[in-house]
Amino acid sequence: MDAEEIIARDNQYYLHVYARYPVVLSHGEGPYVYDVAGKKYLDFLAGIAVNVIGHAHPGLVAAIAGQAGRLIHCSNLFYTAEQSKLAERLAKLSGLDRVFIANSGAEANEGAIKLARKYAKTLGRDRVQIISAEQSFHGRTLATVTATAQPKYQHGYEPLPQGFSYVPYNDLAALRQAVGDRTCAIMLEPIQGEGGIVIPDDGYLRGVREICDSSGALLILDEIQSGIGRSGKMFACQHNGVKPDIMTVAKGLAGGVPIGAFMATDKVAAAFQPGDHGSTFGGNPLACAAANAVLDIIAAEGLEANACRIGEYMLQKLAELKTKYPTLISEVRGRGLMLGLKLTRPGKDIVSSVMEHGALINCTAGDVLRFVPPLVINSRHVDELMAILDEVLAAIRV
């Protein structure tokens with residue numbers, strides 16, 4: 001089928017919840033993807049921070065194929081080597097003790113919310129309040145969309161679950177004022193992704209940790225977009241020297257195979273007993289084998305260090321664009337390979353024009369061009385994107 005036929009079929013049968021671009025992707029290799037007509041695109045979106053080792057990495061392909069030939073799925077009533085190995089690795093990488101593996105970031109955050117409330121109940125405390133930050137994004141389930149402090153995602157789903165409240169990001173004074181006797185957890189992203197690539201101020205996350213310690217509230221850090229090496233460290237909170245009570249991950253963990261997980265300290269995790277939480281597909285051998293392969297590849301290829309090095313190079317190049325187009329670009333921000341270019345105008349049409357020129361990016365928060373490429377990119381790929389951005393912005397300026 002050609003692109004028009006595929007798009008027509010999708011429009012007829014698929015639920016209309018995505019504002020898709022009129023492009024049908026077919027395959028990829030490294031940091032490039034191709035559509036069904038053979039057009040090549042430099043992929044600086046990576047499935048929205050998912051394809052951390054690029055497309056069709058032979059190590060990941062071999063791991064998935066090999067596991068598929070042995071065991072794709074079994075019930076969590078039984079043990080598997082792949083799941084136990086991944087649990088051990090996530091615990092050691094995060095510095096936490098216990099791991100639950102789910103299917104998505106929203107499920108991971110849902111589990112973290114449940115665990116935080118259950119923990120408070122085991123202490124005999126009537127604590128149910130979850131405080132999150134304005135412009136956050138934590139998922140699409142009813143609880144996680146409520147934790148997501150953006151009304152545009154919540155509209156039409158009222159009544160929303162009770163017990164959630166919001167404060168501005170990077171505002172410790174507002175957070176101190178919001179925390180009370182009923183606060184069971186503070187839930188934050190170490191770098192806000194959907195909110196526009198917002199980096200925490202120096203001392204902010206440490207200050208949040210201190211507020212949690214003094215109030216008895218748990219600290220939940222949502223590393224779903226910022227984790228798995230994207231910031232230049234395995235988890236973005238490690239830049240700040242902050243250890244949470246609960247951490248959530250997903251997106252890049254299995255390189256494109258659906259997965260999510262949350263980790264917790266022994267003390268907090270003990271609130272869950274058999275039957276308190278579960279998942280049919282969560283932690284299945286195929287997804288766990290893929291995640292183990294991704295973690296192997298990140299370590300073997302030094303991709304955390306590469307994200308730091310190429311991220312710094314790209315920040316410099318973006319800053320040069322800001323100098324060249326001061327009326328179009330107001331700010332450059334980011335860490336590692338999680339970068340944003342804040343515009344002085346909406347960015348949707350710029351994304352479309354960049355795509356026409358052969359590169360994939362997206363726009364978040366309305367006016368922030370977001371760059372979350374595979375961690376395998378090099379300076380040549382950055383230069384290729386900068387040339388495209390330069391051409392697109394020059395046309396707008398004229």
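In this predicted model, Met 247 has Met 263 in E10 as its bridge partner. The two residues belong to a pairing in which strand E9 (residues 246-249) and strand E10 (residues 260-264) run antiparallel and are joined by 4 bridges.

**The open sheet**

Strands E9 and E10 are part of an open sheet of 7 strands, arranged in the order E4-E10-E9-E8-E7-E5-E6 with mixed pairing. At the edges stand strand E4 (98-102) and strand E6 (164-167); each has a single partner strand, so one side of each lacks a neighbour in the sheet. From one strand to the next, the twist averages 20 degrees. Strands of a sheet pair through backbone hydrogen bonds, in either the parallel or the antiparallel sense.

**A hairpin**

A further antiparallel pairing links strand E11 (residues 329-335) with strand E12 (residues 338-343) over 6 bridges. Within this pairing, Arg 333 stands opposite Gly 340 in E12. The two strands, E11 and E12, form a hairpin with 2 residues between them, and Gly 336 in the turn has a positive phi of about 60 degrees.

**Backbone exceptions**

Most residues other than glycine have a negative phi, and most peptide bonds are trans.

| Residue | Backbone feature | Location |
|---|---|---|
| Pro 159 | cis peptide bond from Glu 158, omega near 0 degrees | loop between helix H7 (151-154) and E6 |
| Asn 170 | positive phi of about 70 degrees | loop between E6 and helix H8 (172-178) |
| Ala 365 | positive phi of about 60 degrees | loop between strand E14 (362-364) and strand E15 (368-371) |

Ala 365 counts as partly exposed, at 33% relative accessibility.

**Buried and exposed positions**

Thr 146 is found in helix H6 (residues 142-147). With a relative accessible area of 2%, Thr 146 is classed as buried, because that value lies under the 20% cut-off. Leaving aside neighbours within four places in sequence, Thr 146 is in contact with Gln 154, Leu 160, Pro 161, Phe 164 and Tyr 166.

Tyr 18, by contrast, is exposed, because its relative accessible area of 54% is over the 50% limit. Tyr 18 is placed in the loop between helix H1 (3-13) and strand E1 (25-29). Together with Tyr 14, Leu 15 and Val 17, Tyr 18 forms a nonpolar patch on the surface, and the four residues have about 470 Å² of accessible area together.

Terms used
Residues are numbered from 1 along each chain as its sequence is written. This is a predicted model: local features need pLDDT of at least 70, side-chain atom pairs count only at pLDDT 80 or more; totals for chains, interfaces and linings use all residues. Side-chain values use heavy atoms; hydrogens and water are left out. Two strands pair if DSSP finds at least two bridges between them. Patches are made of residues with over 30% relative accessible area and no salt bridge: like charges are joined within 9 Å, nonpolar side chains (Val, Leu, Ile, Met, Phe, Trp, Tyr) within 5 Å. Accessible areas come from the Shrake-Rupley method with a 1.4 Å probe; for residues, only the protein chains shown count as cover. A salt bridge is a side-chain nitrogen of Lys or Arg within 4 Å of a carboxyl oxygen of Asp or Glu. Buried means under 20% relative accessible area, exposed over 50%, partly exposed in between (1.4 Å probe, protein chains only). Axes are lines fitted to C-alpha atoms, for helices over the stretch in contact, and angles run from 0 to 180 degrees between N-to-C directions. Contact means heavy atoms within 4.5 Å.
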